[in-house]
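Biologist: Please show me the sequence and the structure. Then we can go through them by question and answer.

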Amino acid sequence: MTENPHPAGVQALYPFLYADARADLDSVLTQVRESTVAKAAEIVELRKVVLAREAPRLAACAAAMAARFAAGGRLYTFGNGGSSTDAAEVATTYLHPSSGRTLPALSLTNDVAVMTALSNDIGFDVVFARQLAALGRSRDIAFGLSTSGGSTNVVRAFEEANRRGMLTVGLSGYAGGKMAELDSIDYLFVIPSPSVHRIQEAQTTVYHVLWELTQQALGATDERAATAAV
Amino acid sequence: MSLILSLEAATPVASARRESAGQALAGQAEAVARACYDMAVRFHQGGKLIVFGNGGAGTDANHVAVEFVHPVIVGKRALPAMALTNDPATVTGVANREGFAEVFAHQLRCFADPPDIALGISADGECVNVGRGLAVARELGLLTVALVGGDGGAVGRGGAVDHVLVAMSTDPAVVKEVHVTMYHVLWELVHVFFEQPGLLGPEVIR
């Protein structure tokens, strides 16, 4: 027999938990609805501010990425936790796009054998840097994401990529974190928000727009090449 | 016009293209609130969250799982969640033998319990394997939730879904961006219900 976890005595002690549950539910549902409306407005505004502020640098970054791809470069992406899922999304966006040109891209968290081997034998701080040391060539692109800007393995990866002459692109949040102090990141896009969730949402927009502009730049490159060939 | 200037001019267009879809999320606030409440009840009953999708939505499935299991906000409790895109051996094995439509449904049959929540993500709502996953989840007694875009597609119309949340765009990139906000909000607001004792029924949290 299952014991009632809320015997009558408890209900008598805390009647507000039981008698008013329905009224409470309605008020919490209202609070939750208002929260969704507020967050929708917050991210719409943040997106607008970031894209308006970063338009010139997004254009320059996309042109630089397009030049690397045109030269046969590959894109390597990396991040931790939620940002690792963004790294995977960035890679598949270039590799298997909804439209446009297919471009070579690889997310560095895909290979569990490599990730665990490096973490176990050397340490978690090198899981991306060592892969870039093995795979990266000077014409390639390193693309790292961190909401705090402080992930040590992401910072180490940028330093390795920069040493190898790769183009380096970073996305971070808050005030930029450690990533904002590095000389090894060619294009750093900082999302100025105190919310890790809004930062990730705006980062998603930034890397989608970068992809759109890179496709556009490659189209322009192709047109110029076609014109030159005539 | 130079390449850089033409790229620079494209950014405000990309920004404007996102605005109405972002604002339209406010119109889903009631549906989001109801979904969060039902999800909180399921977690309270000992259920776990099972998430699935293809391509970019597969990365969202992983993101949702890590969001619940390892919250970024200190002090929020860990809740059980898993993505069905993690295991390439099983995904490719099922796809090879039973067909790609079964990759999520198969794992749900093996892993799901009736109090669980199935969350399927599909930018156009037309992913057959996501629809199959949600249909099997419904048969098993799970709460079913779908994040879709456009007109909701076959998943939205199928009738196997308790809560359909729609991102109002036909551009898969914009749909994904709205989905990220949606699942962040789902995570945050499920916890709001946990913080109000007495709302979720007498079941004891595991």
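**Sheet and interface**

Biologist: How many bridges join strand β1 of chain B to strand β3 of chain B?

Modeller: This is a predicted model, where local features need pLDDT of at least 70, side-chain atom pairs count only at pLDDT 80 or more, and totals for chains, interfaces and linings use all residues. Residues are numbered from 1 along each chain as written, with chains lettered from A and ligands numbered from 1 in written order. Strands (E, at least two residues) and helices (H or I, at least four) are DSSP runs numbered from the N terminus. β1 (residues 49–53) and β3 (residues 117–122) of chain B run parallel, and the bridges joining them number five.

Biologist: Which residue is the bridge partner of B:Leu49 in β3(B)?

Modeller: Strands pair if DSSP finds at least two bridges between them. In β3(B), B:Leu49 is partnered by B:Ile117.

Biologist: In what order do the five strands of the open sheet in chain B stand?

Modeller: The pairing is parallel. β2 (81–83) and β5 (163–167) of chain B each have a single partner strand, so one side of each lacks a neighbour in the sheet. The order is β2-β1-β3-β4-β5.

Biologist: Which element gives the most to the side of chain A that touches chain B?

Modeller: In contact (C-beta atoms, placed from the backbone, within 7 Å) are 52 residues of chain A with 48 of chain B. Elements giving two or more residues to this side of chain A are α2 (21–70), α3 (82–95) and α7 (196–229) of chain A. The most, 26 residues, comes from α2(A).

Definitions and conventions: Contact = placed C-beta atoms within 7 Å.
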